[in-house]
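Colleague: I am new to this structure and would like to learn how to read it. Could you walk me through it, one feature at a time?

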Amino acid sequence: MRSKLAPFAAVVVTAIGISLAGCSAGSSDSGDTVTITFGNWRTEDAALWEENVIPAFEESHPGIKVVYQPTDTNDYNAAIQSQIESGTGPDVIMCRPFDVNRAWITDGYFDNLKGLTSIANFTPTALAAWQGADGDPYCVPIASVLAGFYYNTAIFDELGLEVPTTMDEFTAVLKTIKDDGKYLPLALGSADGWQLSYNVLDSIGPNYWKGEDGRLGLIDGTKKMTDPDFVAAFQAFADLKPYLPEGYQSITYEDQMQLFTLGKAAIMADGSWDVTAASATGLELSVFAPPAVESGGQRYLQEMPDQGVGLNAESKNKAAATEFLEWLGSTDFQKIYVDKVPGFFSMGTEPVEYTNPLAQKFADLKVDALLTPRLQLDRLSAGSPPLDDNTWAVLQTILNDGVSAEDATNKLQTDLDSWYVPAG
Amino acid sequence: MIRAGARYRLLALFVLPALVVYVAFSVYPLISSVVLSFFDSDGPSGSIFIGLDNYVHLFVDPYTSERFWNALLNSAEFFGIHLLVEVPIGLLMAALLTSNTIRRSRGVYRTLLFIPATLSVVIVGFVWRLIINPLFGVVKFPLLGDAATALPTISLMSVWQYVGIPMIFLYTALIAIPDDILEASRIDGARAWQQFWRIKFPLILPQFGLIAILTYIWTFNGFDIVYALNGSAPGPNYATDILGTLFYRTFFGSSGQVADLDLGATIASVIFFIILIVTAAYFVVLQRRLKTYEL
């Protein structure tokens, strides 16, 4: 009798052991303090948050502990989705702007935040990137990023160059540097499609498609990618080709930064999030805005909502998490944040100062410019093929295979027409 | 003595733990993934059974099918390069290792040649990316940036990494050949070259079938080296997109692409069937015809 049951008993005991081990890893909050987790993709900022931002919150809110829980940006969407689907998501979640987040709202990942007091600190434009279909806010806006052209001031002085204010002057500057031959005019490669789109087309393009006019026109269907304004923007992008370094097809985003920080290239198209990296080698550098099309013309600048923070609908610590969100919406937080994380800009209505000089220069580019987010990310990327990924690939074919601006915009519009029904 | 019935019951009991784990973590997810591919769960009214519509969409929709056929062709190319380059080089290495020319340092070479297979894919990709970087690497030509050379380049990186695997397979088969057979052939007047092709090669022939089918399974399940080098929307213009990255991008979404679970499950099922059918065909048709010799 005993001998027959023994193996069975062993199996049962093992199974119980395994399930107990699983349980013990669960909740372990002590009575007094509540620990909330903050899931996000800013692995680079872990030290800044953990040493500066979170301690400031914990000091003013005793009894709440915040754990910073970053995931690499490329894996972030996948990680959050699988965590939430399996019920193990963090209490507060960093929100991607526009379409990805809209899908997350539709899937019920977030709680509605219209009851949050600090939401009043933001304009509707700032909140728009994280709105649900009902028009309510679902994430507290944390930061936006800008994009422009970094330039090496020493090289500009050496060659006697002025900061270009029109596209013609820009081309002339590039040509002068190329003809001189000592430096590369533009640190830009086509290996990474995303940055051709975000840092180049969405930077110089708004001057052609007139910022929000063109962007919202595409969304409500009154404008097409094949309109002359958009074709001209893609043409301006294609016109940069002669000024790229040799072997640009394989040059990655990281390679560009190296070319620029080693002083080999005069100009680099990049976002404000890289101010720390770009000034790491002590280079003399500054930034200029994407030049206007014509002298005295209206200038447009890309300001992209980058990070919001929302409340996990399945969170077990909602009271504490809500307090954290209230604080993230306050000016107190914004002052600490923009000071400690240079290159990211506050989206609140109250002005804050930037101690990093390069960040301040970026902020200065906003003066007299009309602001607009990236063209592709609002609604136009919610179906297949998404305009976003499609643009990356098309821009690569412009540089690598010599596809014309007309053919490129034509393909994008055709693909968009295959699924997109204008909202207007 | 235990009766036959009790014996089988005991056997079943001992198999049970492994079976439970296998069913829970392998069979069940596989089946539920195939089931998911017959549903549309993104709609407003919850999950609806739509039969084969996802498959029709994948094969016929102008944009989606373009990506799919492109990825399938790229996967086939990825497999072809592995088979045509990795296996002959593995054979050459195994033959050299078992030849008498390098008898003394055999262990050193065997270890050195196998080391890349133990490295992380991320490290292999990164090191090779630096070696062929057009700015400071050994070639000026943008190997990874040109649509024509990008996939062969990545395939060869992977071949470099995994060439040790067929080498070890063939090496163990070669050293398993009894010395008296080789000695007999030498007495009959066979030289090294003849001995290799007439005696050793036929004896290790069944190994090639196994290596080919394993390479097929690995490459059609391939994902990591492409993802490590080019991310989830592998450029230039999807020239290095294989089935694994297409699945990842569709199922999990990429920076600008919203995840589509059903279509992702459909792609996963298609990959599964592609591998299943060929592997089954191999075992039914080919494996039993390969001659094995009693040694």
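**Reading the two chains**

Modeller: Gladly, and we can start with domains. Chain B is assigned domain 1 (4-49) and domain 2 (60-289), where the bounds come from an automatic or database domain assignment. Before we go on, a note on the source: this is a predicted model, in which local features need pLDDT of at least 70, side-chain atom pairs count only at pLDDT 80 or more, and totals for chains, interfaces and linings use all residues. Residues are numbered from 1 along each chain as its sequence is written, and chains are lettered from A and ligands numbered from 1 in the order in which they are written.

Colleague: How many residues does each domain of chain B bring to the contact?

Modeller: Two residues are in contact if their C-beta atoms, placed from the backbone, lie within 7 Å. The C-alpha centres of domain 1 and domain 2 of chain B are 30 Å apart. Nine residues from domain 1 of chain B and eight residues from domain 2 of chain B make the contact. On the side of domain 1 of chain B that touches domain 2 of chain B, α1 (4-36) and β1 (39-40) of chain B are the elements giving two or more residues, and α1(B) has the largest share, four residues. Helices here are DSSP runs (H or I, at least four residues), as are strands (E, at least two), numbered from the N terminus.

Colleague: How many helices and strands are there in chain B?

Modeller: Chain B has twelve helices and two strands. Read from the N terminus, its elements run α-β-β-α-α-α-α-α-α-α-α-α-α-α. Its C-alpha atoms fill a box of roughly 80 × 75 × 30 Å along the principal axes.

Colleague: At what angle do α9 and α12 of chain B pack?

Modeller: Two packed helices are described by the angle between their axes and the distance between the axes. The axes are lines fitted to C-alpha atoms, for helices over the stretch in contact, and angles run from 0 to 180 degrees between N-to-C directions. In chain B, α9 (residues 192-220) and α12 (residues 261-286) pack at about 175 degrees, with axes 10 Å apart. Angles under 35 degrees count as roughly parallel, over 145 as roughly antiparallel, 65 to 115 as roughly perpendicular and the rest as oblique. So α9(B) and α12(B) are roughly antiparallel to each other. Among the residues that meet are Ile213(B) and Phe220(B) in α9(B), with Ile274(B) and Leu286(B) among those in α12(B). The contact of α9(B) with α12(B) has ten nonpolar, two polar and no charged residues. Here Ala, Val, Leu, Ile, Met, Phe, Trp, Tyr, Cys and Pro count as nonpolar, Asp, Glu, Lys and Arg as charged, and the others, Gly among them, as polar.

Colleague: Is Phe136(B) buried or exposed?

Modeller: A residue is buried if 20 or more other C-beta atoms lie within 10 Å of its own, exposed if 12 or fewer, and partly exposed in between, with C-beta atoms placed from the backbone. Phe136(B) is exposed, because it has 9 other C-beta atoms within 10 Å. Phe136(B) sits in the loop between α5 (121-131) and α6 (147-162) of chain B. Of the 295 residues of chain B, 34% count as buried.

Colleague: Which residues have the most contacts inside the largest nonpolar core?

Modeller: A nonpolar core is a set of buried Ala, Val, Leu, Ile, Met, Phe, Trp, Tyr and Cys residues joined through C-beta atoms within 7 Å. The largest has 155 residues, and Phe237(A) and Val309(A) have the most contacts inside it. Strand β4 (residues 139-152) of chain A gives the largest share of this core, ten residues. A second, separate core has 15 residues, including Val159(B) and Leu170(B).

Colleague: How many residues does each chain give to the contact between chains?

Modeller: Chain A gives 38 residues and chain B gives 33 residues. α17(A) gives the most to the side of chain A that touches chain B, with seven residues. That side of chain A divides into 16 nonpolar, 16 polar and six charged residues.

Colleague: And how many residues of α4(A) are buried?

Modeller: Six of the eight residues of α4(A) are buried, so this helix is mostly covered. Trp104(A) is one of the buried residues, and the cover includes α3, β3 (92-95) and β4 of chain A.
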